[in-house]
Amino acid sequence: MGVKVYGSTMSTCTARVISTLEEMGAEYDVVPIDFAAGEHKQPAHLARNPFGQVPAFEDGDLMLFESRAIARYVARKYKSSGPDLLREGNLGESAMVDLWLEVESQQYNPAIAPIVYQCLMIPMRGGVADQKLIDANVEKLGKVLDVYEDRLSRTKYLAGDFFSLADLSHLPYTHYFMATPYASLFESRPRVKAWWEDLSSRPAVRKTTAAMPTSRFCSCFSVPVLVSPGSIEGLCWFFQIICWIYEINRSFLNAAFKLLFFANLIYVCVPSEMLKQGPC
Ligand SMILES: N[C@@H](CCC(=O)N[C@@H](CS)C(=O)NCC(=O)O)C(=O)O
């Protein structure tokens, strides 16, 4: 029987688990948890994860939560069928994997997560991003990436010259971060950029990110758009389809929507349903 992952394929922490399962060639089922309906706070899910968060993970009688702990478990359970992601046969290498997993969780994630949240999630829900918070975290992330640039000038991957869970754990937030206007933080650091290109082109990673579309954050909600219910729906779907097909530059899309807004082509308020689960 395959293992079960409770969560959403689009959620960053769930994607950390899914990408590890994909790397290891494991069979698994994703059991969707309906955030909009508050399912993650209901007793059935609290029994899986007492913090009312996703992911949760089930393997027979074993129930786990915390994505990094689950990913480690997956790497150990399927170690004969996939890459050696933890290097537990070598004391020094496994220590380096642990070290860079800690760096991801304690340095990288606290800086990158607020940027992603502010730039993508808040506007999608109709809110206004906190630019001060973004700026502070962009600066923090820049300093972390300077350390990465230095590290990657000496080794191909973070823990050494081998791909490990420490690299893979960076996937979910970095994937979404690349759809923010601050992706240039990677462009300006050639070794970090090459490392990300390598990581993001792995087949298991591509399969995981295929279920994490960034075009859903297209910027029709990044300005206080006023729309007529009928016209915006068609317009949003139209741009969404263009996004999907051509993966066009989001700043162009942003400009296009702002232009439409100021040209007064959009004029009544966004229906609240669309803010919750709109096509963009
Ligand atoms: N440290 C946890 C964080 C889990 C987490 O923050 N999950 C988010 C989705 S990515 C969530 O469930 N948020 C809903 C909430 O906190 O109420 C992990 O790595 O699994």
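This is a predicted model: local features need pLDDT of at least 70, side-chain atom pairs count only at pLDDT 80 or more; totals for chains, interfaces and linings use all residues.
Trainee: OK, and what is the strand order in the open sheet?
Mentor: The order is S2-S1-S3-S4, an open sheet of four strands in which the pairing is mixed.

Trainee: Which strands stand at the edges, and why is one side of each left without a neighbour?
Mentor: Those are S2 (28-32) and S4 (62-65), and because each has a single partner strand, one side of each has no neighbour in the sheet. From one strand to the next, the twist averages 20°.

Trainee: Do S1 and S2 pair in the parallel or the antiparallel sense, and over how many bridges?
Mentor: Strand S1, residues 3-7, pairs with S2 in the parallel sense, and five bridges join the two. As an example that you can find in the structure, Val3 has Tyr28 in S2 as its bridge partner.

Trainee: Switching to the ligand, which residues surround it?
Mentor: The surrounding residues are Ser11, Thr12, Cys13, His40, Gly52, Gln53, Val54, Pro55, Glu66, Ser67 and Arg68.

Trainee: New topic, H9: which of its residues are buried?
Mentor: In helix H9, which spans residues 190-200, the buried residues are Val192, Trp195 and Trp196. They sit on the same side of H9, because the arc they cover around the axis is only 100°.

Trainee: Why would residues three or four places apart point the same way?
Mentor: An α-helix has 3.6 residues a turn, so residues with that spacing point the same way.

Trainee: What do the buried residues of H9 pack against, and which exposed residues are on the face turned away?
Mentor: The buried residues pack against helix H5 (131-152), helix H7 (171-177) and helix H8 (184-187), whereas the face of H9 turned away from that buried side carries Pro190 and Glu197, which are exposed.

Trainee: Last one, for the whole protein: how many helices and strands are there, and what percentage of residues count as buried?
Mentor: The protein has 13 helices and four strands, and 37% of its 280 residues count as buried. Among its contacts with a separation of 6 or more, 73% are between residues 24 or more positions apart.

Key: Residues are numbered from 1 along each chain as its sequence is written. Two strands pair if DSSP finds at least two bridges between them. Axes are lines fitted to C-alpha atoms, for helices over the stretch in contact, and angles run from 0 to 180 degrees between N-to-C directions. A residue is near a molecule or strand if its C-beta atom, placed from the backbone, lies within 6 Å of it. A residue is buried if 20 or more other C-beta atoms lie within 10 Å of its own, exposed if 12 or fewer, and partly exposed in between; C-beta atoms are placed from the backbone. The arc is that of the directions from the helix axis to the C-beta atoms. Two residues are in contact if their C-beta atoms, placed from the backbone, lie within 7 Å.
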